[in-house]
Amino acid sequence: MRVLVVQNFDNEGLGQIGAALVEAGADIDLRKPYRGETLPGDSTGHDAIVVLGGAQNALDDEICPYFPALLDLARDFADKDRSVLGICLGGQLLARAFGGTNQIGGATEFGWHKVSLTPAAKSDPVMAALPEKFPIFEWHDDTFGLPENAVRLAGSAIAENQAFRLGRAVYGFQFHFEADTPMVRDWSTSFAAMIAERHPDWNDRLDDELARNGADADSAGLAIARAWVATI
């Protein structure tokens, strides 16, 4: 199993997805096109693709001129019935790739928020085993409208579309299910200045937030990661 991972921003790692891929014995091919690394021309040689998050927005072709090629690449994986996963910015890019809409701003969520599954999620291979509501880490201002024929799987009070599936195994997520407790602590340090500008009390409430939400969020995130890896 060889999985292409597209990283779009420093310190945006695989987290629980990485743990699930390691468990499955996957070979991870990590590319950082925002640092000038090339993307494959098509899906040949890979069984799946993961597109991670970032501070950019999904229409930032000027800042990230590789975005159009990445959209083409995601569509090629889907056309070959290979598993596709996008998280946060990655999910917004998948919405764009398959004809959905992108809303820039107006949907700010940061920290752990409750998301709710839709009725369709109860029969979805990746989401079926999750609780009907669970806390999960969020960090975004933007959101997306669903592509045609997408199955809506989860939503929240602020962002109606938190997860969707297209076809057999194209999954887009708004929330950061990969971000377990160690990753959130790392982000809280690595991005401290960025967080403090918008959420100056974050360090004061981090431990309490973790105590309330960390275990349930970690459990849900790892379940999603393992179930998605099983689609490959």
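Reply: A residue is called buried when its relative accessible area is under 20%, exposed when it is over 50%, and partly exposed in between, with a 1.4 Å probe and only protein chains considered. The model is predicted, with local features needing pLDDT of at least 70 and side-chain atom pairs counting only at pLDDT 80 or more, while totals for chains, interfaces and linings use all residues. Residues are numbered from 1 along each chain as its sequence is written, and side-chain values use heavy atoms, with hydrogens and water left out.

By the burial cut-off, Cys88 is buried, with a relative accessible area of 4%, and Cys64 is buried too, at 2% relative accessibility. With a disulfide taken as a pair of cysteine sulfur atoms within 2.5 Å, the count comes to 0.

The surroundings can be described through helices (H or I, at least four residues) and strands (E, at least two), which are DSSP runs numbered from the N terminus; the protein has 6 helices and 11 strands. Its radius of gyration, taken over C-alpha atoms, is 16 Å, close to the 17 Å that the globule rule gives for 232 residues, so the protein is as compact as a globular protein of that length; that rule is 2.2 Å times the number of residues to the power 0.38. Buried residues make up 56% of the 232 residues.

Helix H1 (residues 16-23) contributes Gln16, Ile17, Gly18, Ala20 and Leu21 to the buried residues. These pack against strands E1 (2-6), E2 (27-31), E3 (48-51) and E4 (83-87), and against helix H6 (202-229), where contact means heavy atoms within 4.5 Å. After H1 comes Gly25, whose phi is positive, near 75°.

Helix H2 (residues 67-79) holds Leu71, a buried residue with a relative accessible area of 7%. Leaving aside neighbours within four places in sequence, Leu71 is in contact with Leu93, Arg96 and Ala97, whereas its C-alpha atom is separated by 17 Å from that of Val3, 68 residues apart along the chain. For the protein as a whole, among contacts between residues at least 6 apart in sequence, 74% join residues at least 24 apart.
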